[in-house]
Amino acid sequence: MNQVASLLIALPLISAFFVPVLKQINKSLIKPYLVLITLIQTGIAGWVFKEVYTTGKPIIIYAGGWRPPIGINLYIGHFAALFVLIIALVSFIMAIFSLKAVTTEPIDKYAMLFLLLMLGATGMIATGDIFNLFVFMEITAITAYALTAYNKTGEAAEASMKYIVLGGIGSSFFLVGVALLYGATGTLNMAQLAELANSINPIVAQVGLALIMFGLAVEAELFPLNAWAPDAYQAAPHPITAMFSAFVVKAGIYALARLLYLLQKASGWSSLLRLLVIMATLTVVFAELSALRQKDVKRMIAYSSIGQIGLIALAFSLGTQAGVDAGVFHMVNHAIVKALLFLAIGYVGLTVGGTTMENFEGLGKRMPLTALAITVAGVATVGVPLFNVFWSKLKIILATLQAGFFWAAVLVLFASVVEAVYYFRLIHRMWFMGGGTRIKEGAIAGILIILVAIIIIIGVDPAPVWNIVVKAGSDIFNVANYVKNVPLMGVGA
Amino acid sequence: MLKRALAIVAILIIGYWLAQGLSQVPFGQDKMLVGKYYLEHVKEQTGAVNAVTAVVVNYRGFDTLGEVTVLFIASTGVGALLWRKKRKRTAKTKGSVVLTTGSKLLFPFIMLFGMYIFIHGHLTPGGGFPGGATIATAFLLMYMAFTIYEIPHKGFEVTEGFAGMGYVLVGLIGLAIGGYFLFDWIWQTWHLGTSNVGRLFSGGFIPVIYTIIGIKVGTELSGIIDNMLKEEVKE
């Protein structure tokens, strides 16, 4: 019965392949079809989530019926169940937003790419095989390249070009790293790799791990390799930007954390952690400082999103249980807040025409609900108490101090102050400058309000979500448990 | 000049570092943990004589499904980025008679060979991807030889969609019959061709899937060629 969860992969695939057929039947059906499929996917993800959290056992899917490490297995543990649900939900919201936001032709290709972006991220989160991770990473990355350039403007093409070149280099490095690890161990299964980790030759482990980290850091937007991100966020269609920020990057950062903790017995591991802490802290500082000077709101939020991702990466690279839990909590919170923020800003850009600072003046009078949503999300991102991000930021900073990285905590706090400056500047502009007449806000405002409510509910009472998050976090951190859950055939060992 | 020198130095350092890592990987030694299992069990478990296709389609079929998707994304992406309301081929120079006649004659032969490759995926080297690429070459030849040649678009797109759905459907039938997604029901449940290993009608669902992949890859690559060769016409 549990194998039915493989529909999480099969459904988006078969529906994406059906779109060319649907296009011949009736083209106007394509956008509603997109909403319907993402709704079904949300339903399946909800069922999987319920199943995993009530039984407390992960769902292991054997592709082809072969036991690992002979075949590929999907591992839907606490973390994957939670995130697959978030991915499906955000995709569903963005599919509704796409009804209005995307009018550029060809809409059928957009629908296919949209579904496959969702599929790629789901696969990256769920897979238990390192080469399969690469395949799903390619699916995610190539759809992202195509969707970045979808608007067919000059700057979109340039952004996509940068992303393609960097992403291509990154994934080839990742592949070389996988080849090295396979050469040293003879297996591609993550659980078996974790078992064999301490027997890998130290030099091979170091080189292989570093190459994999480098490859994933491009997708995860860590400091020296994230130059593509702000351009891509700005140029992509509005719903796609929200998807990038809410789950595509997170899939990359999760893969990074997963592989890192699986191979923690390999030698040279702690120096790699040290490097990651430095990269993550630099990501936070540089992104927040760059956001300060932006004139375009969408670009500003893009930089803010990169900064938050750096914070998650910092939490994951501390190497402690507390850090991982805090990182997962921040992932969830950030997915909600940034989905809301990009949705609201995209909506403004759509109705007003453009997302430059001037367009936001007097928004409080013209589109009060949307302005309220942006305000709440902005305040939440800064980390004001009674909003959800406050708790996760607090936990991350406490975990950083516990792990002994005093300087990292100070730099991150400093970056939060910078963040407060540009968010409050935006909020000031919206409410206290300019003016204008009321513009009618449609159904999107309803979704915005629901998301705002979620932010405040988690902010007031973080305990229920925190309980879920702790389970998800131990899924990543407790490798012994992970290995025990995957029934490996006794091949070779 | 300084830039180039620095780049060379950096590349040399990275190369040395990689070589250090590589030199520690035991080549030629018996390091086959999983590989050995495949070699020993491939015939009875999958019915394929070609171990590579058995691994790619059956044991690790999930990866192949992913790769087919990657190709699909590539062709969709090209289609999305080059989309214009009206596009036409604008090639001017006609090919010589020798070229056009030769291409016409060669076309069916290349098609036949391409199909041969993907149908015999479980027996001979090759499979769906090389077979599909060969078929796309036949279409490329027609495009290059004739200035007005065009593939029937709608038909190709729909075929591509149906082929992709076919692959997932075969997997879903496996889920229904055997309980696992991408389960080889033809071989393991129906035992079709079990006495026939090494002949055409064997190999479980490998030939079926490779035929689907062959068709899909062939139509996809032809579609990419078509998209890239056409230019916008202004009215």
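The exercises below, each with a worked solution, concern a predicted model.

**Exercise 1.** Work out which radius of gyration a compact globule of 493 residues would have, and how chain A relates to that figure.

Solution. Begin with the chain length: for 493 residues, a compact globule would have a radius of gyration near 23 Å, and because chain A has 22 Å, its value agrees with that expectation. Next take the extents, which along the principal axes of the C-alpha trace of chain A are about 75 × 60 × 45 Å. Then turn to burial, where 66% of the 493 residues in chain A count as buried. Finally, consider the contacts in chain A between residues at least 6 apart in sequence, of which 81% join residues at least 24 apart.

**Exercise 2.** Identify the residues that touch the most other members of the largest nonpolar core, and list the contacts of A:M94.

Solution. The largest nonpolar core holds 249 residues, and within this core A:I76, A:M94 and A:I374 touch the most other members. Once neighbours within four places in sequence are set aside, A:M94 is in contact with A:F114, A:P239, A:A242, A:M243, A:A339 and A:L343.

**Exercise 3.** Compare the annotated transmembrane regions of chain B with the secondary structure in the model.

Solution. Start from the unreviewed UniProt entry, whose annotation "transmembrane region" covers, among others, residues 105-123 and 129-149 of chain B. In the model, residues 105-123 of chain B are 79% helix and 0% strand, with end C-alpha atoms 28 Å apart. Residues 129-149 of chain B are 81% helix and 0% strand, and here the end C-alpha atoms lie 24 Å apart.

Conventions. Residues numbered from 1 in each chain as written. Chains lettered and ligands numbered in written order. Predicted model: local features only at pLDDT ≥ 70, side-chain atom pairs only at ≥ 80, totals over all residues. Heavy atoms only, no water. Core = buried A, V, L, I, M, F, W, Y, C linked by side-chain atoms within 4.5 Å. Buried < 20%, exposed > 50% of the residue type's maximum accessible area, 1.4 Å probe, protein only. Contact = heavy atoms within 4.5 Å. UniProt positions renumbered as here; feature names shortened; annotations may be inferred. Helix = DSSP H or I, 4+ residues; strand = E, 2+ residues; numbered from the N terminus. Rg over C-alpha atoms; globule rule 2.2 N^0.38 Å.
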